[in-house]
Amino acid sequence: MSQVRPVCVREYENIAKNILPRSAWDYYASGAEEMLTVQDNMDAYSRIRLRPRVLVDVSKIDLKTKVMGHTIQNPICVSPSAMQRMAHDAGEKATARACAKMRTCMILSSWSTTSLEDVDTAGREVSDDPSLAKRDLPSPTRWFQLYVYKDRDTTLNLVKRAEKAGYQALVVTVDTPYLGRRLADIRNKFTLPPHLTLANLEAHGKGEKSLMGPVDLTEYSGGAAKRAPGQTNTSGLAAYVVDQTDASLTWEAIHWLRANTSMPIIVKGVMTAEDARLALENKVDGIMVSNHGGRQLDGALSTIEALPEIVEAVNGKVDVFIDGGVRRGTDIFKALALGAKACFLGRPVLWALTYKGEEGVQEMMQLLEDEFKLCMALSVGKVVDEG
Ligand code: FNR
């Protein structure tokens with residue numbers, strides 16, 4: 001397929017829309033209800049204006065920064081998004097390789113279509129590549145995103161496996177006691193294509209049993225009411241969430257996880273100063289300002305608008321990260337200027353994967369790095385805190 005190489009992130013979106021089957025496109029694109037928050041995540045960046053300074057030497061710009069104590073090449077990282085093999089057969093492995101090459105951080109979803117062990121191996125193969133080692137770049141960073149299951153043994157199994165595989169932090173998603181109402185997915189009765197599975201929940205390792213039988217979302221599609229009482233008009237995935245994950249989660253879960261893992265804990269989905277203060281009281285190690293890309297509570301404020309009050313409440317005690325609506329180098333600059341340690345990308349990664357797998361993701365991330373660097377040069381130079 002001959003494609004003109006995209007020159008901005010938006011163009012990856014257009015290409016992906018033309019390639020992906022309808023149900024996969026809808027799943028990736030959709031947000032909750034009227035998608036007000038999906039749109040606002042992006043619009044809010046456009047409302048912020050920059051105050052450029054001049055006659056500053058910007059001939060050398062260093063983009064390196066530290067996240068949770070690990071140096072990465074630039075503050076442009078990958079948020080967890082489920083089911084990446086719908087975009088490209090190499091799915092999460094391709095993303096891991098691209099992030100390893102970019103020497104930046106990837107968060108793997110609990111609901112990946114490749115096992116966390118296989119994703120880690122794919123990333124490590126790249127990290128060990130001698131030609132990259134010569135470039136004097138720090139080694140890549142991989143974190144594991146956790147959905148807490150009602151069955152704590154299942155949850156613990158995921159945590160222990162992530163720890164054993166060498167993931168360096170646990171990102172606990174706290175904004176999903178139930179899945180938001182994503183209208184296109186409800187209409188499509190969204191479920192995974194039959195050749196794919198939620199691989200982390202499948203049997204892994206010799207002689208081990210599957211954690212909860214084969215994870216077949218089709219069981220939840222259409223027959224949702226049977227498996228998940230009270231959820232009559234819903235997608236297969238939403239019914240799965242009602243049935244399997246823990247809607248009774250409180251800050252207690254953070255203490256339980258703390259007692260069960262040595263990995264630092266980041267909570268993903270904090271949107272207010274009140275919750276940021278509670279997160280600190282409950283001894284989290286990092287905070288991701290996120291509204292799940294507008295897929296949960298429609299009408300929630302945009303993440304870039306939420307960021308300043310959270311940064312103020314946290315007062316430098318832990319790293320604060322952000323995702324949602326980041327599509328341009330200038331967005332990254334604005335988020336960092338308002339106190340985020342790094343920006344994370346959700347949908348752009350899925351679009352780039354659809355376009356050209358590992359190469360597509362690497363290209364897209366390089367494009368954003370170039371845009372970000374240019375923005376730094378044209379505005380003030382050095383904003384990245386290397387501390
Ligand atoms: C997500 N997101 C998500 N978050 C999470 O904690 N676990 C997950 O498995 C998923 N899965 C997922 C699938 C898809 C298709 C999307 C679009 C998003 C949310 C994701 O981590 C992130 O918060 C948003 O995607 C960021 O917004 P943008 O960059 O997509 O606007």
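**Reading a Predicted Model**

Trainee: K189 is found in the loop between α8 (183-188) and α9 (224-227). How many helices and strands does the secondary structure of the protein come to?

Mentor: Some conventions are required before the answer. Residues are numbered from 1 along each chain as its sequence is written. This is a predicted model, in which local features need pLDDT of at least 70 and side-chain atom pairs count only at pLDDT 80 or more, while totals for chains, interfaces and linings use all residues. Helices (H or I, at least four residues) and strands (E, at least two) are DSSP runs, numbered from the N terminus. In this protein there are 15 helices and 10 strands.

Trainee: What is phi for K189, and where does K283 lie?

Mentor: Phi of K189 is near 45 degrees, a positive value in a residue other than glycine. K283 lies in the loop between α12 (273-281) and β8. K283 is not a glycine either, yet has a positive phi of about 65 degrees.

Trainee: In what sense do β8 and β9 pair?

Mentor: Two strands pair if DSSP finds at least two bridges between them. Strand β8 (residues 286-289) and β9 pair in the parallel sense, over four bridges. The bridge partner of G286 in β9 is D319. Strand β9 also runs parallel to β10 (residues 342-345), joined by three bridges, and D323 has F344 as its bridge partner in β10.

Trainee: Which handedness does the crossover from β9 to β10 have?

Mentor: View the strands pointing away from you: if the path from the first strand over the helix to the second runs clockwise, the crossover is right-handed. From β9 the chain crosses through helix α14 (residues 329-337) to β10, and this β-α-β crossover is right-handed. Another right-handed β-α-β unit is made by β8, helix α13 (residues 303-314) and β9.

Trainee: Which way do the residues of β9 point?

Mentor: D319, F321 and D323 point one way, V320 and I322 the other way, and all are buried. Strand β9 (residues 319-323) is thus mostly covered, with five of its five residues buried.

Trainee: Which residues touch the most other members of the largest nonpolar core?

Mentor: A nonpolar core is a set of buried Ala, Val, Leu, Ile, Met, Phe, Trp, Tyr and Cys residues joined through C-beta atoms within 7 Å. The largest here has 109 residues, of which L170, V171, I287, V289 and I310 touch the most other members. Helix α15 (residues 347-379) provides the largest share of this core, 14 residues.

Trainee: What is M364 in contact with?

Mentor: Two residues are in contact if their C-beta atoms, placed from the backbone, lie within 7 Å. Leaving aside neighbours within four places in sequence, M364 is in contact with V9, Y12, P348 and A352. M364 is found in helix α15, and counts as buried because 26 C-beta neighbours lie inside 10 Å.

Trainee: Which residues come nearest the ligand?

Mentor: A residue is near a molecule if its C-beta atom, placed from the backbone, lies within 6 Å of it. Of the 23 residues around the ligand, S79, S109, G293, G346 and R347 come nearest.

Key: A residue is buried if 20 or more other C-beta atoms lie within 10 Å of its own, exposed if 12 or fewer, and partly exposed in between; C-beta atoms are placed from the backbone.
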